[in-house]
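User: Hi! Could you take a close look at one part of this model with me, the surroundings of the ligand?
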Amino acid sequence: MPMAPFDSITAVYTPAHAWMYEAIVAPAVYPSRHVIDEHFLPFLAENAHILDVGSGGASFTKYIADRRPDLDIIGLDLAVPQVKRATRRMRHYGERVRFRVGDATRLDFADGVFDGVISYGSIKHWSSRETGLTECMRVLKPAGPLLITDADRSTSFDDAERFIENYRTPRLLGGINLAIFHTWIAGRSISLEEARDLADPLDLVDEEVSRIPGMPLVMISGRKAG
Ligand SMILES: C[S@@+](CC[C@H](N)C(=O)[O-])C[C@H]1O[C@@H](n2cnc3c(N)ncnc32)[C@H](O)[C@@H]1O
C-alpha cells in the first residue's frame with residue numbers, strides 16, 4: 001500500500017492519509033474558515049440544502065453546521081473511511097448532517113437540487129478538475145453560492161512557511177514539513193492562474209478567484225447565474 005504522503009497523488013484517502021491530514025495539516029488549514037463566512041454562508045437562505053464535496057473528516061462541515069444550525073447538509077467523499085469518520089464525528093447532529101460515498105466527477109444527484117455547494121481542500125485530488133466543477137455547477141440551483149478552496153501551487157514561500165508553523169508536529173520538523181507541503185500538497189494542487197482558467201467557463205456571477213490572504217490557499221467563489 002502506498003504510504004502517505006509519498007504516493008503519487010492521494011486519490012482515495014486511506015485511514016493513514018486521513019489521520020495525517022486531520023492530526024497534522026488540518027489545524028493549519030482551519031484558520032482560513034473565514035472565507036466560508038464571507039463567500040458562502042451569507043448567500044444561503046434559511047433551511048438551505050447544501051453539498052460539501054470531499055468532506056473528509058468533516059472539519060469544515062462541522063464549522064458550517066455550528067454556524068448555521070438551520071442548514072441541511074450532505075457531506076460527500078470518495079473514501080469510505082472518511083465517510084465513516086465524518087459520520088462518527090457528527091453523530092450528535094442528527095439527520096440534518098448526513099454523509100455518503102461519492103465521486104466529485106460523477107455526482108449522483110439531479111440537476112439544481114442544492115442551494116449551495118462547497119468543497120474544501122479536495123479539488124487537487126479529483127481525476128478531472130474541470131468535470132468536478134461542471135458537476136458542482138450542475139447540481140447547484142441558480143443564484144446558489146459555490147466556494148472551492150485548495151492549496152495554492154503558486155504560493156509565496158512566506159505564506160507556506162507561516163502555514164506549516166501551525167502543523168501539529170515538533171518545530172524541528174519545520175523544514176521537512178515545508179518541503180513536503182511544497183512538493184506533495186501545493187505542488188500537486190492548482191495555481192492561481194489555473195484556478196482562473198478553471199473558473200472561466202463556469203457561469204458565475206460575482207466571480208472571485210483569489211489567494212486567501214496570508215495563506216498558501218486559493219479559492220474560487222461566486223453564485224450560479226440564472
Ligand atoms: C484534504 S482532504 C479535505 C477534507 C475536508 N474538506 C477538510 O478540509 O477538512 C480531501 C478529501 O477529498 C476526498 N476526495 C478525493 N477525491 C475525491 C473525489 N473525486 N470526490 C470526492 N471526494 C474526494 C478525499 O478522500 C479527502 O477526504
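Which helix gives the most to the shell around the ligand, and how many residues does that helix supply?

Analyst: Happy to! This is a predicted model, where local features need pLDDT of at least 70 and side-chain atom pairs count only at pLDDT 80 or more, while totals for chains, interfaces and linings use all residues. Numbering starts from 1 along each chain as its sequence is written.

Helix H1 gives the most to the shell, with three residues. Helices here are DSSP runs of H or I with at least four residues, strands are runs of E with at least two, and both are numbered from the N terminus. H1 spans 15-29, and H1, helix H3 (59-67) and strand S2 each supply at least two residues of the shell.

Around the ligand there are 26 residues, the closest being Gly-54, Gly-56, Ala-104, Ser-122 and His-125; a residue is near the ligand if its C-beta atom, placed from the backbone, lies within 6 Å of it. The shell has 14 nonpolar, 10 polar and two charged residues. Ala, Val, Leu, Ile, Met, Phe, Trp, Tyr, Cys and Pro count as nonpolar, Asp, Glu, Lys and Arg as charged, and the others, Gly among them, as polar.

S2 (residues 72-77) also leads us to the sheet: this strand pairs with S3 in the parallel sense over five bridges, pairing being called when DSSP finds at least two bridges between strands. The open sheet has seven strands in the order S3-S2-S1-S4-S5-S7-S6, with mixed pairing. S3 (97-101) and S6 (204-211) each have a single partner strand, so one side of each edge strand is left without a neighbour in the sheet.
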